[in-house]
Amino acid sequence: MSELHDLAYWRQRAATVPMRTQAYIGGAWTDAAGGATFETRNPATGALLAHVAACGGADVDRAVAAARAAFESGVWSQMPRRERKAALLRLAALIEAQREELALLETLDMGKPIGDALLYDIPEAARTYAWYAEAIDKLYDEIAPTDGNTLATITREPLGVVAAVVPWNYPLLMASWKVAPALAAGNSVILKPAEQSPLTALRLAELAEQAGIPAGVFNVVPGLGAEAGQALGRHPDVDCIAFTGSTATGKRFMEYAGQSNLKRVWLECGGKSPHIVFDDCPDLDRAAQAAAVGIFNNQGEICIAGSRLYVQRGIYDAFMARLEAAAARMQPGDPLDPSSAMGAIVDARQLDRVLSFVDAGQREGARLRLGGQRVRGESGGYFLEPTIFECPSQSLSIVREEIFGPVLAVTVFDTEDEAVRMANDSPYGLGSGLWTANLSRAHRVSRRLRAGLVWVNCYMDGDVTVPFGGVRQSGNGRDKSLHALDKYTDLKTTWIHLE
Ligand code: NAD
């Protein structure tokens, strides 16, 4: 049997996989105050998976009190770094050991193909904990070059209580990008998973306990955004919000911070990333494949999805034929089938939203070149074909708005200036890509693109060693790499007078 197994194997495991449904606060499993719950459903079938604790203000108060008490006690924040490192390495090893179960929970909860969860989401999450664990005892503080009889030290200190509020598209992985550096830096953390996908966060709490992370240091409060999320955002004793999600919610968190204690707000928000293919593209096949994966992978539910494609006129027909063929190979299938390239859209509401953009595209004058239909309806799940529109104008809503589904807007262009102007014509600035064999053009255009990430002759490459994040309304701060530690620490300067 291959590492990926087969559909029958995963169906059988799915029938019996255990699911945690209570909140994890102060080292104990607990119902939400008043016993409130919300449903989480399998987007591939519409079937109910579990009723999960719906935390509200009272639960968030308890979690913040537990996190604060743990922080002040020093049980984690003052723990020798090599011991903190050892605990986080144990957590990474446990995630790796439970890879199949975590991948299965992710697929059942949010619809991504099991192969992607197994080969990417879960091992990347484990790697993220291991990487920050290894980093934390190799960092030194600074001494400023002051003159005379003074010594000025510059030290990094943890913030205190960090709340991580994350989305449903990569539930465990997005959480790890916040939780791992925040814990490594010595903070206490409260994780609020998205209401569509709480299951792996709760399993993570079990593994953290097993790894020996002390009670109160890591807490999970599942719940609705407008309740648990808002309560964290407005809480006077939360020091930092680390958020990944939509730009609209990101703006709310800035308001909450202003209305409460001016907590630090780090935002990884939406995108409408441009992907440009010039006439001198070195490899049309590879570029077409990257463009298809760049928008249809994870059902298009990716913040860095290359959802706006710009193709230069000289190669337009040749490129589009290749793109169509690559897209046609990415038809949605049962997410539990390891051969499926695309899974189910996360819920009925998101499918309706994506379909409304497909309608708008046709109404506003775009040409539907591929897909556009809901499929596999008999499964009870939410599946959409890979969809490609050719767009005569940049003012269409499918060109301007983040759809967060498998819908690609393609525009033809003539000159480099025109491509850069169209690429930058967006309120977002997260990912961007370009394909050219001309080194000077690669540098020139990379510099001109207003984006946090630029890929040249590739798309969506990533690694925990490399910063990730956006500019403009795609957010601020960076996840991953040592730079992420800046978000979860403050600089302290200490002046010492020497006799
Ligand atoms: P969302 O903003 O609706 O929800 C994200 C989180 O915020 C969830 O936990 C949700 O419960 C919470 N939330 C929602 N409303 C809230 C409120 N009023 N107050 C407080 N918390 C609230 O986003 P989503 O639909 O879960 O995820 C899709 C979005 O995430 C897309 O815009 C996508 O681009 C973005 N995203 C960005 C990145 C990145 O790194 N830049 C990565 C993944 C996803």
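1. Isoleucine 190 has asparagine 219 of E9 as its bridge partner. Strand E9 (residues 218–220) pairs with E8 in the parallel sense over 3 bridges; two strands count as paired if DSSP finds at least two bridges between them. Between E8 and E9 the chain passes through helix H7 (residues 199–211), in a right-handed β-α-β crossover. Right-handed means that, with the strands pointing away from the viewer, the path from the first strand over the helix to the second runs clockwise.

2. The model is predicted: local features need pLDDT of at least 70 and side-chain atom pairs count only at pLDDT 80 or more, while totals for chains, interfaces and linings use all residues. Residues are numbered from 1 along each chain as its sequence is written, and side-chain values use heavy atoms, with hydrogens and water left out. Helices (H or I, at least four residues) and strands (E, at least two) are DSSP runs, numbered from the N terminus.

3. Strand E7 (residues 161–165) is joined to E8 by 5 bridges, and the two run parallel. Alanine 164 stands opposite leucine 191 of E8. The chain goes from E7 through H6 to E8, and this β-α-β crossover is right-handed.

4. In strand E8 (residues 188–192), 5 of the 5 residues are buried, so the strand is largely enclosed by the rest of the structure. Buried means under 20% relative accessible area, exposed over 50%, and partly exposed in between (1.4 Å probe, protein chains only). Ser188, Ile190 and Lys192 point one way from E8, Val189 and Leu191 the other way, and all are buried. In a regular strand the side chains alternate between the two faces of the sheet.

5. Helix H6 (residues 171–184) packs on helix H5 (residues 114–136) at an angle of about 10°, with axes 9 Å apart. H5 and H6 are therefore roughly parallel (angles under 35 degrees; over 145 is roughly antiparallel, 65 to 115 roughly perpendicular, the rest oblique). Axes are lines fitted to C-alpha atoms, for helices over the stretch in contact, and angles run from 0 to 180 degrees between N-to-C directions. The contact (heavy atoms within 4.5 Å) includes Tyr120 and Tyr132 of H5 and Trp177 and Pro181 of H6.

6. Most residues other than glycine have a negative phi. Phenylalanine 404 has a positive phi, near 60°, and lies in the loop between helix H13 (397–400) and strand E18 (407–413). Phenylalanine 404 is buried, at 16% relative accessible area.

7. Arginine 472, also not a glycine, has a positive phi of about 50°. Its loop runs between strand E20 (455–456) and strand E21 (489–497). Arginine 472 is partly exposed, at 28% relative accessibility.
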